[in-house]
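Here's a quick walk through some helix packing and charge pairs. Have the sequence and the 3D view open as you read.

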Amino acid sequence: MQPLLERGQEFEQFLLTDLAKIVLICGRSNNDISPNELLGFLVVHALIKQDRETLKVVLNEWDTSRDVRLKYQKQTVKLLVELKNNFGPEDHLILPSVLNQLDEQQGTRLLETTMNAIYRFAQVIVKADGDISMEEMAALSVVWRSLHTYEDPTPYLQQASQSPTAAPATPTQESLEQVLDELNQLVGMNNIKEEVKTLTNFLKVQKVRTERGLANASVSLHSVFSGPPGTGKTTVARLMGRIFRSLGFLEKGQLVETDRAGLVADYIGGTAKKVDEKVNEALDGLLFIDEAYALIPEDSSRDFGQEAVDVLLKRMEDYRKRLVVIAAGYTNEMHRFVESNPGLKSRFNRYFYFQDYTPDELVAIFNKMCKDNHFSPTEATNEKLKTLLTELYNTRDRTFGNARLVRNLFEKAIERQANRLAVINTLTDEILTTILPEDIPNASEVLPQTPMTQSSPGQAIPNADSAQMSSSDWLAQLTTLLNQSLQPLGTIARTNLKSNRLQILFAADPVPNPAEMASLTLSQLKRLPLRAFTQLQLYGRRSGEEIPDWSQEFDLDGEGSEGKGEAGGG
């Protein structure tokens, strides 16, 4: 965290506010903040504020002096409430948006490392009381989503700048070698890396010629990035901005992303204003236009998109030394777009062709996501992952998501892992970080789904997969999922489906916990195609016995009942 804290007082405030919000999010999940969770936050707060006196007292006397513990517990609760009111809503974290903008504008790399550290803090908080409940797992999901949600941070930066203790951030100047090394660390894209390297060498020579007073060839940096979605076009564009900045061709090198909606208005006179706003925001950096071909629709000759193109071409000429425009989209559509206007064809003379990632590269991307977020897939997991991605790759069409698909797959995997771990009371770091084969979702879970039709209350609607799956196959899949999750607990599940009633019997020694079995069942049902049943009956008994020790009934229309000692089975 030190590089972040060195950037000024406002970043310290953003960090402490976000950490306070995380403690409250995790505490709200089970309506309690334990003493150990308060201690965890207080220690981190003291370290950040360099409060050695508080650190000394709480570490030495927290467990030995009840008075000291109660005193600092009250102070910490008060501190949490004060901090969470500093910036934005309670569930909204500030730093992700601030650092996302900072990395884009100044070429820093603070976002990824800081978000990983903050998520690790959240994991420590939910583990502080020695038990992670299903509710706390859900809270971790809330934190994860907040850490990966970005918006315009300007209001918060302005609010922080009004503080008399706020110090201005100092831009970090990075070397060309650092940026190129980051480019080379990206998975795949060998042809793109070579083309960027060639362009970089050309610009280096032009820079030297300028310094020696020699004539230069005309340099146009406007480019077309074409290829399938999710192949790294935005990432490479951001790196190129930093390359141009490090070579002195752009003063800032920030990347401003937009599309047709950001450039085209639906009334006369509005389009030129929208284009000018985006151009002004991107001056001394890059303007990245995604799906740029939508500016000139193939089936429309009278459209405000043409006005956007005309204004953009004029601004590209007006600011030819201060603006680089990168137009991106599918290959065929981008070819039509450039050919549709002589001005476009003359200004966009650099073309970069992005290709689908191979299955091996997709696996490597998944593993990098795991490493960056403190997860570790087993060898068997990677084998299952390779089989799934090969299947998806071989059946791909032009909308194949590539890295976006892998991101979706990764998020589904950690959700499934959370559901699997929800019934385990003792969680080690190894258990928390390991991704097992059963955590990898099926193809249907990571591909776009067809919306389901609304049904009558309390009735589940079979989707396409459900319609094709027999009741016996569906029940066998549920049984497998349950027993895979229950294996570490020594518990066995048996299932039975009678008309509109699903029955599940859990057997173990000692008797399985009813609440844990209910949470596990409900979480695993979400992983399967929906079936049309309205009652769920759960039973628990000691291994080797015939009579259940407890039973639970759930009506899926929202009205449930619980009983004890009722006989039944699956």
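## Two helices side by side

On the α14 side, T271, A272, V275, D276 and V279 are in contact with F304, E307, A308, V311, L312 and R315 of α15. Keep in mind that this is a predicted model.

How far apart are the axes of α14 and α15, and at what angle do the helices pack? The axes are 9 Å apart, and the angle is about 40°. That makes α14 oblique to α15. As for handedness, α14 passes α15 in a right-handed crossing.

There's some charge here too: D276, K314, R315 and D318 are linked in a network of salt bridges. Two of those names, D276 in α14 and R315 in α15, also turn up in the helix contacts.

## A pair within α14

K278 forms a salt bridge with E281, with the closest N and O atoms 3.7 Å apart. Both sit in helix α14 (residues 270–282), and because they are 3 residues apart, about one helical turn separates them. In an α-helix there are 3.6 residues a turn, so residues three or four places apart point the same way. E281 counts as partly exposed, at 45% relative accessibility.

Now for D284 and R322, whose side chains meet in a salt bridge at 2.9 Å, N to O. This one links distant parts of the chain: D284 is in the loop between α14 and β3 (285–289), while R322 is in the loop between α15 (304–318) and β4 (323–329), 38 residues apart. Is D284 buried or exposed? D284 is buried, with a relative accessible area of 8%, whereas R322 is partly exposed at 35%.

The side chains of R542 and D509 also meet in a salt bridge, at 2.7 Å from N to O. R542 lies in strand β10 (residues 535–542) and D509 in the loop between β9 (501–508) and α25 (514–525), so the pair ties together parts that are 33 residues apart in sequence. R542 is partly exposed, with a relative accessible area of 31%, and D509 is exposed at 56%.

How many salt bridges are there by this count? The total comes to 17.

## Helix α20

Last stop: α20, which covers residues 403–421 and has 19 residues. From first C-alpha to last, α20 reaches 27 Å, close to the 27 Å expected at 1.5 Å a residue.

Note on methods
Residues are numbered from 1 along each chain as its sequence is written. This is a predicted model: local features need pLDDT of at least 70, side-chain atom pairs count only at pLDDT 80 or more; totals for chains, interfaces and linings use all residues. Side-chain values use heavy atoms; hydrogens and water are left out. Helices (H or I, at least four residues) and strands (E, at least two) are DSSP runs, numbered from the N terminus. The expected span of a helix is 1.5 Å times one less than its number of residues. A salt bridge is a side-chain nitrogen of Lys or Arg within 4 Å of a carboxyl oxygen of Asp or Glu. Buried means under 20% relative accessible area, exposed over 50%, partly exposed in between (1.4 Å probe, protein chains only). Axes are lines fitted to C-alpha atoms, for helices over the stretch in contact, and angles run from 0 to 180 degrees between N-to-C directions. Angles under 35 degrees count as roughly parallel, over 145 as roughly antiparallel, 65 to 115 as roughly perpendicular and the rest as oblique. A crossing is left-handed if the near helix is turned anticlockwise from the far one by less than a right angle, and right-handed if clockwise. Contact means heavy atoms within 4.5 Å.
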